[in-house]
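Q: Can you walk me through a few features of this one? I have the sequence and the structure open.

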Amino acid sequence: MSDMCVFHHQSARLWLRLPFQTMLVGWESGQEIMDLPLRLLVGQDGPEPSARSGQLLSLLPDSARSTSEAAALERELLDEYRFGRLQLVELCGHASAVAVTKAFPLPSLSRKQRTVLVVCGPEQNGAVGLACARHLRVFEYQPSIFCPVRSADALHRDLTTQCEKMDIPFLSFLPAEVRLIDDAYGLVVDAVLGPGVRPAEAGGPCARALATLKRLSIPLVSLDVPSGWDAEAGGDAQDAVQPDVLVSFAAPKSCAGRFSGRHHFVAGRFVPEDVRRKFGLRLPEYTGTDCVAAL
């Protein structure tokens, strides 16, 4: 990543892997299950932080975290703070839209550049993409949505209904000829796959959509993890999307060490201060009422 979130101390480079993975809700029982492991990786190589950063995610020197501590963080968020699936989707969707406004301010864009194609997969990241599209519409951008696979999940259905009632168009297909997309839109939001989901596992429609996104000339914004990347190792330049902007949820994943785009934002202001202190986690300073911070 061009602006890597590290604690940089001569011989050591540390960064946080905090996958924001699928959280399932048993709608009848109300039971919530969230896969939100916390792991700090030590001693892995990565590019030096950019001088443009000005603000880095710093981690405490005694940064090793055990499996039990990761499980304790999950229990803290679920049991004590009662974070729910919809709440997290909305927080991340809003923050993603705000990150777009910071990377591509509306006053600086032509009418054509204000058009945004949001590509949403059937899992958690896709739900965040739908919420992001709705917020972009509120911010007076002109979003359209393409879903390679329509999800039967109730949350996806609700978010889809909201977007439809706000007159956000849904594409029935994604043109295979990338020039048509480049000509029609100013940028694309990649909300196809989340951490740990490989294109082959997602199925043909998602894999075909990613094959198209890889060939775009217009800017690409990836949510949490660039689709198709290994959450730890990153992405093969020949087999993965290469976004211009990355928006990390809660904290950057370890694969962000291979991100080489122009802008990296972290959306982690929603992590309660008591939880940060309890687990020795230091997230970046946020300006004013901003919900994202540039790294």
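A: His156 is buried, with a relative accessible area of 4%. Note that this is a predicted model.

Q: Where does His156 sit?

A: His156 is in helix 4, which covers residues 154–165.

Q: And what is His156 in contact with, leaving aside its neighbours within four places in sequence?

A: With those left aside, His156 is in contact with Arg85, Gly121, Pro122, Glu123, Gly126, Ala127, Leu130 and Ser151.

Q: Switching to helix 2. How many residues does helix 2 have, and what length does it reach?

A: Helix 2 has 19 residues. From first C-alpha to last it reaches 27 Å, close to the 27 Å expected at 1.5 Å a residue.

Q: Which residues in helix 2 are buried?

A: Among them are Arg85, Leu88, Val89, Cys92 and Gly93. Further along, the buried ones include Ala99, Val100 and Ala103.

Q: At what angle do helix 2 and helix 3 pack?

A: Helix 2 (residues 85–103) and helix 3 (residues 124–138) pack at about 55°, and their axes are 7 Å apart. The two helices are therefore oblique to each other.

Q: Left-handed or right-handed crossing?

A: Right-handed, as helix 2 passes helix 3.

Q: Which residues make the contact?

A: On helix 2, Arg85, Val89, Glu90, Cys92, Gly93, His94, Ser96, Ala97 and Val100. On helix 3, Gln124, Ala127, Val128, Ala131, Cys132, Arg134, His135 and Leu136.

Q: What is that contact like by class?

A: The contact of helix 2 with helix 3 has nine nonpolar, five polar and three charged residues.

Notes:
Residues are numbered from 1 along each chain as its sequence is written. This is a predicted model: local features need pLDDT of at least 70, side-chain atom pairs count only at pLDDT 80 or more; totals for chains, interfaces and linings use all residues. Side-chain values use heavy atoms; hydrogens and water are left out. Axes are lines fitted to C-alpha atoms, for helices over the stretch in contact, and angles run from 0 to 180 degrees between N-to-C directions. Helices (H or I, at least four residues) and strands (E, at least two) are DSSP runs, numbered from the N terminus. Angles under 35 degrees count as roughly parallel, over 145 as roughly antiparallel, 65 to 115 as roughly perpendicular and the rest as oblique. A crossing is left-handed if the near helix is turned anticlockwise from the far one by less than a right angle, and right-handed if clockwise. Contact means heavy atoms within 4.5 Å. Ala, Val, Leu, Ile, Met, Phe, Trp, Tyr, Cys and Pro count as nonpolar, Asp, Glu, Lys and Arg as charged, and the others, Gly among them, as polar. Buried means under 20% relative accessible area, exposed over 50%, partly exposed in between (1.4 Å probe, protein chains only). The expected span of a helix is 1.5 Å times one less than its number of residues.
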